[in-house]
Amino acid sequence: MSAAAEIHNNRWRDALDGAARKIAAGPGYRTSGRVVRATGLVLEAVGLQIPLGAGCRIELTAADSAAPAQFAEAEVVGFSGDKLFLMPLAEIAGLRPGARVFPLAGSGARRFPLGDSLLGRVVDGSGRPLDGGPPLDGGDCGTLAAPPLNPLQRTPIQRQIDVGIRAINSLLSVGRGQRMGLFAGSGVGKSVLLGMMARYTSADVIVVGLIGERGREVKDFIDNILGDEGRRRAAVVAAPADTSPLQRLQGAAYATRIAEHFRDAGKSVLLIMDSLTRYAMAQREIALAIGEPPATKGYPPSVFAKLPVLVERAGNGENGGSITAFYTVLTEGDDQQDPIADSARAILDGHVVLSRALAEAGHYPAIDIEASISRAMTAITDEQQQHRARGFKQLFSRYQRNRDLISVGAYSPGQDPQLDRAVQLYPRMENFLQQGIGERAAIDDAQTALAQLLGNPVPNGGQA
């Protein structure tokens, strides 16, 4: 071919490519792909080039040929060559080989309701109401993506937040913007403790993410544990265990995005995520389905990469707003070395451990004071309060280490003055750590009660 002919062909090729791009960008133009394989949770599609995380719609075959076309929403979770890996947001029926796949309008990113219209409402991981209320249309909307906070622009944790729990307010003080883990096995009262925090907290807004829980527990938490008082200023996102792993993953991200929206408006937000473990399990299901190899106890590496991305979105903002977050972490068989529990401890600002032995003894909330810690406590409390908390833990620990000797009568008073004091105060210390579900313990009340128990000066200057 001559040089002139090659130049001519290149010009025609460039012209055709430019025309194709203009047509694709024009209004009313819709490209589509087709499903070529369905295995387990994942669908494979060809003929589309849309980015990772983009949404799309899959055409389904209706039972009645005269009925209008039905569609199922899905998200791109991976790709290999020209193939896209899609995961539906819900179980689908009527999928056939070669079904057409359409990208969502715009960039393909779905938009979700945000703002005050969510207060008092219960929605699913896609923002659709579950409480029978009106649709959340016409209010603020946004995508799940949000720019990460610059670590140098985060406001330091300097103020204590009142969560209404005596043991936490006095011995494990939590600051505004702190991220805490609630480590517990099943059936030790973590949901009740979270509900008490939601009702009694001093935060402006409460955002609750119920991720991977049983459907019965979702209704029970909202009606009986959260109650009308907590629900009025709360937005609840529920993605129960029977939803798809993508919906559970999306529910956790959506709850965090709602909290970010209120924080950016300058409000103090309490974010409760129950649970971080179910979020990790949902990511594990997705990663294994698209072929990612397992690493630690069956968890692929992407699970441990996603945990800090989610958790780091909480914290203090630049304009005075804050997200104080409590993430529950389920410990299998009460194993504190579970890989998710171990990873969560490394990225959180403290942890509250619930003990099964205490729960079985009727001690509620079943907080194991010896195994729990708040890393921000020294920055938000004065030395006197820290001294009292340290003294309480030392006495409590001294009694626990000698509990067997005391039980069998081998303990002889007068040998160890600190142990003598621990034995004398233990019934009061145990009573101090217990709290009824309908009882609220404000910060001042909790600290005064601790000072009176130890015989130290109380905050108002009096003598206990």
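**Notes on a predicted model**

1. In this predicted model, Ala366, once its neighbours within four places in sequence are left aside, is in contact with Val188, Val353, Leu354, Ser355, Leu358 and Ala359. Ala366 itself sits in the loop that lies between helix H9 (356-360) and strand E17 (373-374).

2. Is Ala366 buried or exposed? Its relative accessibility is 1%, and because buried means under 20%, Ala366 counts as buried.

3. The largest nonpolar core has 57 residues, and within it Leu171, Ile367 and Phe392 touch the most other members. Helix H13 (residues 417-433) gives the most to this core, contributing 7 residues.

4. Leu171 deserves a look of its own: apart from neighbours within four places in sequence, its contacts are Ile369, Met377, Ala389, Phe392, Lys393, Phe432, Leu433 and Leu450. There is also a second, separate core of 52 residues, with Leu114, Ile258, Met273 and Tyr327 among them.

5. Six strands form a closed barrel in the order E1-E2-E5-E4-E3-E6, and their pairing is antiparallel. From one strand to the next, the twist averages 45°.

6. Which residue in E2 is the bridge partner of Thr39? That partner is Val42.

How values were computed:
Residues are numbered from 1 along each chain as its sequence is written. This is a predicted model: local features need pLDDT of at least 70, side-chain atom pairs count only at pLDDT 80 or more; totals for chains, interfaces and linings use all residues. Side-chain values use heavy atoms; hydrogens and water are left out. A nonpolar core is a set of buried Ala, Val, Leu, Ile, Met, Phe, Trp, Tyr and Cys residues joined through side-chain atoms within 4.5 Å. Buried means under 20% relative accessible area, exposed over 50%, partly exposed in between (1.4 Å probe, protein chains only). Helices (H or I, at least four residues) and strands (E, at least two) are DSSP runs, numbered from the N terminus. Contact means heavy atoms within 4.5 Å. Two strands pair if DSSP finds at least two bridges between them. Axes are lines fitted to C-alpha atoms, for helices over the stretch in contact, and angles run from 0 to 180 degrees between N-to-C directions.
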